[in-house]
Structure formats: C-alpha cells, structure tokens
Amino acid sequence: MTEALTIEGLVPRLAAIAGRENVITDPLELRTYECDGLTSHRAVPALVVLPATAEETAAIVALCAAAGVPFVARGSGTGLSGGALPREDGVLIVMSRMRRIIEIDPVSRRAVVEPGVTNLSVSKAAAPYGLFYAPDPSSQVICSVGGNVAENSGGAHCLKHGFTVHHVTGLEIVTPSGELTWLGDGTGVVSGYDLVGAFIGSEGTLGIATKIVVKLTPLPEAVHTLLAAYPTMAAGGAAVSGIIAAGIVPAAIEMMDALSIEAAEAAVACGYPEGAGAVLIVELDGPASEVEAEVGCVRSLCMKAGATEIRAADDAARRAAIWAGRKSAFAAVGRISPSFIVQDGVVPRTALGAVLGRIASLSADAGIRVANVFHAGDGNLHPLVLYDDGSSAEAEAAEVLSGAILDTCIEYGGSITGEHGVGVDKSRYMPKMFDADDLDTMQLVRCAFDPASLCNPGKVFPTPRLCGEVPGARRGTHPAVAAGQAELFLWFTERAVVLPSARLARPCALRGASSLGARGASPPGAGGASAARPSRRASAARRPGGVPPARHVYGTCAARHVRGASPTRRVPSFPRRTSPSAHHTYQATHSSRRTPPSPPHPYQWPQGP
Amino acid sequence: MSDEHDQLRSVIKDCVHCGFCLPACPTYQLWGEEMDSPRGRIYLANQVLDGAELTAAAAEHFDRCLGCMACMTACPSGVQYDQVIEAARVWTEEARSGEPVPGTGPRDAGPARGAEAEDGGLAGVDGAEGPSARAGGTTDRSISPKGGADVKRRLRDRAVRAAIFSVFPYPRRLRALTGPLRAAQRTGLDRRLARGTLPDRVSPALGAALRLAPPRPREAARGVLPERVAARGPRRAVVGMLTGCVQSVFFPQVNAATARVLAAEGCDVIIPRGQGCCGALSLHSGRAEEAARFARRTIAQFERAGVDAVVVNSAGCGSAMKEYERLLAGLPEPDPTFALAGQEESVSWVARAGALSGKVRDLAEFLAELGPAAPRHPLPVTAAYHDACHLAHAQRITRQPRELLSAIPSLRVVELPDAGMCCGSAGVYNLLQPGAARELGRRKADAVLATGARLVISANPGCTLQITAELGRRGESIAAVHTAEILDASIRGLPAGSLGVR
Ligand SMILES: Cc1cc2nc3c(=O)[nH]c(=O)nc-3n(C[C@H](O)[C@H](O)[C@H](O)COP(=O)(O)OP(=O)(O)OC[C@H]3O[C@@H](n4cnc5c(N)ncnc54)[C@H](O)[C@@H]3O)c2cc1C
Ligand code: SF4
Ligand code: SF4
C-alpha cells in the first residue's frame, strides 16, 4: 500500500505532474474557484490543479484515486446547478488550459477538441468550412465543450438541432481510477452499449472527458429571424402553439416576458418593441426556398395570435441584434435585481400557459418578482427568481418559491431540469421525480464507473453514498441483483492505470498489448483479467477511516454491471493522438477480440488501513 | 474610506459570476486561470475588502491585469471593473511599500511619494532610489506560495517601476532618455542588444524598452507646436489640445497632424505651453496621489485656456481625463495651491474635475460630432483599424473612427480578427510584464498580417509602439499611423507614401 497521502502531501506529486505553477495553493487564489455560475453554493477546494494534457489529467486522477482523495472537474465554471462545486477535502481539476482544437475534418464533418475549448470557438473554427457546432447554450462564448458534455447542454436552437448528446460521437475520458480510454468510435454509429450516451449528462460523476469528437453541421443556406411583440404571455403562447401545430419546426422559438425584456434592455439596449408584455423570437433555417415559405407562414400565424409588431432580420447584423437581448438575459437580470436564482424546468408544451399562470400567482403570493425567459419550442422554462440577498428572509422566500416552481413542473408532468443539470442544487428534488428503485439503479451505473465514490461525489443524488452501501434501512439487495439481472462487474476499476510516464510515484502499469498501452489508451478487452480478480478493493479499502463494509451490499463488490455486457466487454477504443476515424476504430475493436487475456496487475493497489 | 469600500462592494455585487467576460480577457486567453480573469480578480478584490490579507500571489494577478477594460465591454451585468482594478492597484502598491492595505487605516497617511518637483530636470534618477530604498526596508508581506518569493527579483521590479514612473510622465526626461536609445539605433547596437539576452538579464523591462523604442519620427519633429493654431475658414469651435508625454516625445508628427486636422475642420486650437502628464500612467498603475497631482495641474491649465472642448489624441490619456472626477473624489482636497486667480474658494477640485472631464473628447469622437468641413482626397491603400483598448473599451468609441476613415475616398479599411483583444501595450505594461505583452503583441501582429493590410491605424501611441516593434521584429514593412495622420494626409492630398506605406 502507499503511504497515507494527505492533501498537502499531494502538492509535490501534482506539481511533478502538471508543473508547480499549475497547482494552486494560495488561499486567495483557491477561493476564486469556490463556486460556479451558481454562487449560492460555495466550497473552497483544498487544491486546484490545471493540467495541460489528457495524460496529465489521467495521472492526477490516478493520484487522487490512490490517495482516496475526492476530485471534481471544472470547465469554465458557468454551470448553474453547482455541478463544479469543489470539495473542501478534495482536488479541483480545471480543464481551462486544455483548449486546443485538435482537428477540424470538413469532409467527415467533425471536430476533435479538448474539453476546455469554448463552445463558440468550435463554431468559429468550423465557419471557414461552412460548418458550425449546433448546440448553442446562451453561455456559448465561454462555457466549455467538456462542461457541455457533462451537462448535456442545450440552447435556443436545440428545438431543431438537438442537444449535446446528439452531436458528440466520441469521448476520450479519464476514468475515476485514472485510466485513459475512449468511449464511442467517433462515427456516431455505435454497436453495443452507448457509453457515450451514458457519459453525456453525467455531470462529471463518471470521469473526466479529455477529448471530444463533435459533429459539425453545415451552416444553413438561409436563416431568417422574426421578432414578434405581444401584449401578454398568453398571446405569445398561442403563437407558439399555432406554429408547432402548423407542422413547422423552427430552429428556435424563444420567449421573454416584460421583466426580462427590461433587464436585457438595460444591459445591451436591444431595442425590443416598447411596452411589449412578451416577445417571441422565431428563427427559421434551412434551404432558402423552404425558409422563405415558412417565414410567410410564421408571420401570418404570429399576426393571427395578436402580435402588435413583427420585425424581421435576414442579415447577420440584425439577427445578432435580436439575439443580443435574449442571450444576455440571464446575466442582465443582475441590472434589475441584486440577486436572482436561475431556475430550469421543463413542462409539456401544452401546459406552458397553465404553468406560467401558476408561476405568476406563486410570485404574487410570495411578493417576489419572477422574470421568464424560455425555450418555448420545447417547454424548457427558465424562471428567474429575483430577490435581495441582503435580506435573509427574502432569500429564503425566493428559495421556497423557486422550489414551488419545480413542484409545479413535476405536477404538470415535466422535469426538474432541462439543460442546467441536477448538480448539488437539485439533488434533493430527485426523489420527487424518481422512486428509490430508479435512484438505486442510477447508482449502479455510477458505481460501475466510480466504485470508490471519488469522482464529483455528492452531486446528482440526494444522499451521497459509497458504492455498495445499503441504499436505505428498509432495503436489502437491489432488486436487479436479487432477480439475477445484475452482477458484479469490475472492469473499470481494476484495469491498469495507463500513465504517460513514471512521473507518478506509483509504478505505472502498462498491461496487455504494450503498444496500445504506451499510446495511452487501454487495449479493448484489457479488463478481462480484472473481472476475474477478487474484489479486494470493494469494501473498506476505499473508505476513508476504514469504515467497515455495509452488511447489505449487493454482493461484496463495488461495481456491477447489468446483465448483457460480457465481462470482457468491449470498449470501443482508439489510440490517443490519432483522431478517431471509423477505419481506426474498426481495426482497434476487432483486433481487440483476439487480444489474449492480460497478466494480472504487476503491483498492488493501495489498501485501506 | 468606508464610503469608498461600500461603493466598491456595490460594484462587486453587480457581478453575477456568469463568466461572459472571460473570453474577452487577454490574460485569461494566455493562462486560462480563474485568478487571471476579470471574474477571478473581482473575487480576489472582494476577499481583500472582506479583510483577507493581500498575498503576493494575489497581488501578482492584479499586476498582470492589463487594464484594457475589454471585460467591461463584455459584461452583460454592467460591472464597473475599472473601479475594482484601480482600487486593487492602490492596494498592491501600498502592500509593496509596506503601507496600509484597505481597512487598516487611511491610505493617504504615507509619505508623499514622488513629491519631488514636478518641473522636470533629471531628478527622476533619485526618484528611482526613493521607493526602492524604502522597499528594501519593508518586509514582504507574504511569500509567494507558488514557488516562493524571489525577493531580489521583486526588489528589481520595484526599482524598474520607480524608474518608469520617474521618467515616463515627464516629457523632458523621456526625451533625454530617447537620445541614447536613438544613438543605439543609429549604430545598430540596439538590435544587437535586443537580440541578445543581456538586457533581459539586467532587467526584462530594459530588454522590452530596447525592443520597443521607436525609430526616429518619419517627419522630423518640427520643433514645438505654436500655442495657438488658427482655424482655416470660418471658425466652428475653440478647442484645447493635449500633447501627451509619450505622444509628444515619440510621435510629435501625430500632434502636428492633429492640430492641422482640427484647424482644417475649422477649429482654433489652443495648445497650452508646458503641459505635463495628464496622470494616466500613474492612475492606471495604482499611484492615485501622483495621478491626482498631475490631474489638478492639467485641469488648471485647460481651465485657463478657456476652450469649448479638450481634444485628446491619445486614447489612454483621454480615458484617464474622463475619470478625473472620480479620481479626485476619492482623495482629500489639497490646500488651494493650484486655485486659479479669481477662482472662488468654494469650487472644489472635484467639481472642477467634473467640468473638465465633461469637455474631454477623443479626436475621433470630436470630429465625428463636429462633422466634416474640409474636403478629403483619395488615399488608395488598404488599412487595418486597430481598436485601442482605452478607446474601444474604456471610452466605448468604435464607430466614430471607422466612420471618419470610411469617408476617405479609396481607402479600404479592414477589420482585424479578434479586434477587441489588447495588443499588450497597455500603458507601461509592456515594460512591467514583458513576457505577456510580447505574446499579445505577437498575436496582434499575426492578426494584422492575416488581413494583408499595408497600414495599421491606431489611436494610441502605446499601441503604435507595440505593434510596430513586433512587425519590425519580423521584418515586415507595414506602417503604423494614427487616425489623425491619415486624415491629415487625405485632407492635404498627400500620397500614401507620405505615411510610410511601401
Ligand atoms: C448566463 C448563463 C447562461 C446559460 N445558458 C445556458 C443554456 O442556454 N443552455 C444550457 O444548457 N446551459 C446554460 N448555462 C449553463 C452552463 O453554461 C452549462 O451548463 C455549461 O455546459 C457549463 O459548462 P462549463 O464549462 O462552465 O462547466 P462547469 O460549470 O465548469 O462544470 C459543469 C459540470 O461539468 C463537469 N465538467 C466540466 N468539465 C468536464 C470534463 N472535461 N469532463 C467531465 N465533466 C466535466 C463539472 O464537474 C460540472 O459538474 C448557462 C449559464 C450561464 C451562466
Ligand atoms: S461578465 Fe460581468 S457579471 Fe459576468 S462574471 Fe464577468 S464581471 Fe461578473
Ligand atoms: S482589464 Fe483587461 S486584462 Fe484586466 S481583467 Fe479586464 S479584460 Fe482582463
């Protein structure tokens, strides 16, 4: 076993990996990382490290895993659910130095980027080829693609173009044990489990993405944006229903109410029609002839619903002017209120009117203003609850109101998050949406990746648990296990840590086909031997302080998998440094089947006391 | 004192932590660290306000801020970052000289730094000794946790700072210094030196200075500008003109062009004699009291001139002069040494500052307001317009210069990619943080070259120095001129060659 590493003891090790200047220990500096875009949750990390490469990231994670220290990934820190909230006893791994666009392949229409690359810079780099990266969160100027992957971020144009999950085809990740591996093959056509799909939206709990293969979409031939002003939200809502009912799928349908218009006006002087109770932004894109026909149709539908004014923009400058108001709306609310909560909930489109009405009455009852900005096309609401944080009573009332809004969403058959994620902020609402079995099943997935519960612990799930722990006093064996549908599964945890060099104090194991190992990605199938290994890491080994293993574990092992995946499961994997191509992957995955079982680990994993 | 803190707190509270300013920030672009972003610096400042001791590491992040104000343009929440960084610079200066950091006492209690005669001479050399000698006696309040404090280096840094501030704001001293630099240029010694590492080993700032020193002005400086230049044609306005320190020493031709353009557009131009520094360099470096002294002098001078507007052709100076009121409001009123004869006692410096700031106009801003009178002649050349930060971000002037330029027949103006990004000049930043400045200069030069332009137009002497130096280093022969020069050439019907276009 390794020596018990204290957090301070990690400093020289981390410095050896990433360079001393990229390990942050100064108390003032550390505090600048204490929160993300949701400032109401704060925790000063014990250490911050900014790796420059995937290999450094892997080495850092491996070090944390060996030392039993929790770690949290952070992109640009714009998350709105506290997903990147650090751990006071842990390491914050910041991806913002990993921001190379490794490749733009205009023929295959894809890009390979590092996770710290901002969303917008992918589109900028693709623009010369007539391509763009479709998911466009309002925060796209700064949010990182890695953060987008973790949150499955969407944006105004997701109505037509889809969310992050629809545009990512391959991921190089560092598993929570510090192993570099690829998920997905970069083509978007995956056979076997869609592990990319599992990783996207996992909010940093299943590992750290270090390279991302994204699809690029051809820039539409024509884009036309309409801005329609309405006296009331209801009238605007009617227009939305009309458009959708007519079978038109605009690229975006966004709505803002009077209060958010006021804020946007104060921030960017967007010049929206004066006195409007609501504005609707409808963007149509596609082949010119199609767009032209649709514009006429949308225009008349908007008029029919009672628009008081319609503005059209078919050139980039005027379009940008219309969008400026919408894209700045969240931050702009800072101009009209000392503090605010950005809520994120989804309701069926048909319930929009009713839910907005309920929000208005909740707001009136609480005496707290709520501004509404939302993706009307897919019913994704962003109520902005305005309050003065100088008054603790008001802050509390705002919190209560914001919770009541979520309850309303659930009541109408919606969801507690559309695109901002659960993080720490909404984990307590998870039991309102999912029953205990659902939550436990999700834990199974999580534990398959992170049996030691070190990777962004405390997020997403209401009660942080170590894997293998009793889910609840009333519960025994997980039903899936009891029914023989799930079994022990170790590959993720037991596989070798593939490190770029021996910079890490622990010996680094390159297992299986050494050629592959040396290139950083583990050979597919290398976990075969691991699966046969006894589950010695399962119990107390991982628990700080040697907490004895819980009695009612689903077995003694930390990780499980759902029946169906062979123990020598195949992780589509391709060598690092080469951008993934279908050809490569094919070879890698198929030759892997012939890879002989690897010898056991040449070294011992650290054990708990 | 606490009023000031309350004001600062409320500025900081406007920050909603959205991060929209991060991509606009040159230092975040360079290093990707939160503490080197506007959002992070605001966070650092807030901690100091809350009573945390300023650590060396935190001070370094304030030092690294270029003060380009790109973050203010980017911020949807309207955070007045300029106020944050100004306060932070004062704290770092104070921490370094062992004086109180906020909350620990009135900051103006310290010795009147640099109180030496404002009237020049080369006494600045002692100025260099003052603060650094004091620094030797003070304890470093904290050891940089990142790699430990290199106290020696920090001493040298301080000496460099002291030297800079005892030379740059004093045109006569600056001019005296340019003699040796020019001599070095004539003999080619500078290039040999700049190529080698010797100057950098002596001081990175010296290395940077050598690399930046501009060649002799294209047009021999035609002595001193007259005190008054009469309007051509009917008089439309009476304006004062600031000559600036760096501008007047390194770019006298820009001042001459400015005066000619203003006169051609029907302005009587008053150029007060013996103008000193406007205080911009000091203000932007946390030397508030020094800046205030310069400001009071400048205010008094232009009050005496009795003009409708004060036209400034150096973006950094213009932005500082528009800030005079806030600068003086934060400081106690001095005894009325500077009061004008006949000036009522009751008029406070703050009020006088407000009145003057109201008259300050950037040259492009003023000309756009005034509207053209003189006919323009064609100038067939492709030029890239560079937004000086203190014009585009600090004064939000981007439209006017473009309008003026696009009104020149045959002139093709192209935009630079990533136009809002600082070139790294930023006052004396390129002397104090030469590494970062050079990298930003490199990026800006790349952007210029990517456009294929033969000419770069910038409205700030610092930018011109920085961009020319970088282009020169690459052996590129792209000329850099001020908006005033290009307007002057067009009005006078001079060929593009007169601007150094090859
Ligand atoms: C003004 C504003 C507007 C916004 N608008 C939208 C919007 O329209 N649509 C939308 O969907 N979101 C929006 N957001 C939310 C936010 O921008 C997104 O969630 C974004 O994807 C977060 O990216 P980030 O780089 O800031 O990640 P962070 O906030 O740093 O992290 C978010 C989560 O991702 C994890 N993470 C980060 N990097 C990695 C990685 N490399 N590998 C694994 N996990 C990682 C973190 O652990 C954390 O759980 C908005 C936020 C703001 C402040
Ligand atoms: S853009 Fe403005 S509000 Fe947002 S983080 Fe930067 S300073 Fe704060
Ligand atoms: S002034 Fe410039 S360098 Fe300083 S924080 Fe703002 S953008 Fe960054």
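Predicted model: local features only at pLDDT ≥ 70, side-chain atom pairs only at ≥ 80, totals over all residues.
Figure 1. Chain B provides the residues around ligand 3, among them C25(B), C65(B), C68(B) and C71(B). P26(B), P38(B), L66(B), M69(B), A70(B) and Y81(B) also belong to the shell.

**Figure 2. The shell around ligand 2.** Ligand 2 has 13 residues around it. Those that come nearest are C15(B), C18(B), G19(B), C21(B) and C75(B). By class, the shell divides into 9 nonpolar, 3 polar and 1 charged residues.

**Figure 3. The contact between chain A and chain B.** Chain A brings 41 residues to this contact, and chain B brings 36 residues. The two chains bury about 2,800 Å² between them. Carbon and sulfur atoms give 57% of that area. On the chain B side, F20(B), Y43(B) and P76(B) supply 20% of the area that the chain buries against chain A.

**Figure 4. The open sheet of β1 to β4 in chain A.** Here 4 strands are arranged in the order β1-β2-β4-β3 (chain A), with mixed pairing. Strands β1 (23–24) and β3 (71–74) of chain A form the edges, each pairing on one side only. β3(A) runs parallel to its partner β4 (residues 91–94) of chain A, and 4 bridges join the two. In this pair, R74(A) stands opposite V94(A) of β4(A). Helix α1 (residues 7–18) of chain A lies across β1, β2 (47–49) and β4 of chain A. The helix runs at about 10° to β2(A).

**Figure 5. The hairpin of β5 and β6 in chain A.** Strands β5 (residues 101–105) and β6 (residues 110–113) of chain A run antiparallel and are joined by 4 bridges. E103(A) stands opposite V112(A) in β6(A). The hairpin has 4 residues between the strands. R109(A) in this hairpin takes a positive phi near 55°.

**Figure 6. The domains of chain A.** The chain is divided into domain 1 (2–94), domain 2 (101–218), domain 3 (222–336) and domain 4 (438–533). Between the C-alpha centres of domain 1 of chain A and domain 3 of chain A the separation is 42 Å.

**Figure 7. The open sheet of chain B.** This sheet has 5 strands in the order β1-β3-β2-β4-β5 (chain B), and the pairing is mixed. β1 (228–229) and β5 (360–362) of chain B are the edge strands, each pairing on one side only. Strand β4 (residues 309–312) of chain B and β5(B) run parallel, joined by 3 bridges. V310(B) stands opposite V360(B) in β5(B). Helix α19 (residues 349–359) of chain B packs on the sheet and touches β4 and β5 of chain B. The direction of α19 makes about 30° with that of β5(B). Helix α20 (residues 363–370) of chain B lies across β2 (237–242), β3 (267–270), β4 and β5 of chain B. This second helix, α20, runs at about 95° to β5(B).

**Figure 8. Domains 1 and 3 of chain B in contact.** Chain B is divided into domain 1 (1–113 + 129–151), domain 2 (154–212), domain 3 (228–367) and domain 4 (376–499). In the contact shown, 10 residues of domain 1 of chain B meet 13 residues of domain 3 of chain B. These two domains bury about 1,000 Å² between them. Carbon and sulfur atoms account for 42% of that area.

Definitions and conventions: Residues numbered from 1 in each chain as written. Chains lettered and ligands numbered in written order. Heavy atoms only, no water. Near = heavy atom within 4 Å. Domains from an automatic or database assignment. Pairing = 2+ DSSP bridges. Contact = heavy atoms within 4.5 Å. Axes fitted to C-alpha atoms, helices over the stretch in contact; angles between N-to-C directions. Buried area = accessible area lost by both parts, 1.4 Å probe. Nonpolar A, V, L, I, M, F, W, Y, C, P; charged D, E, K, R; others polar.
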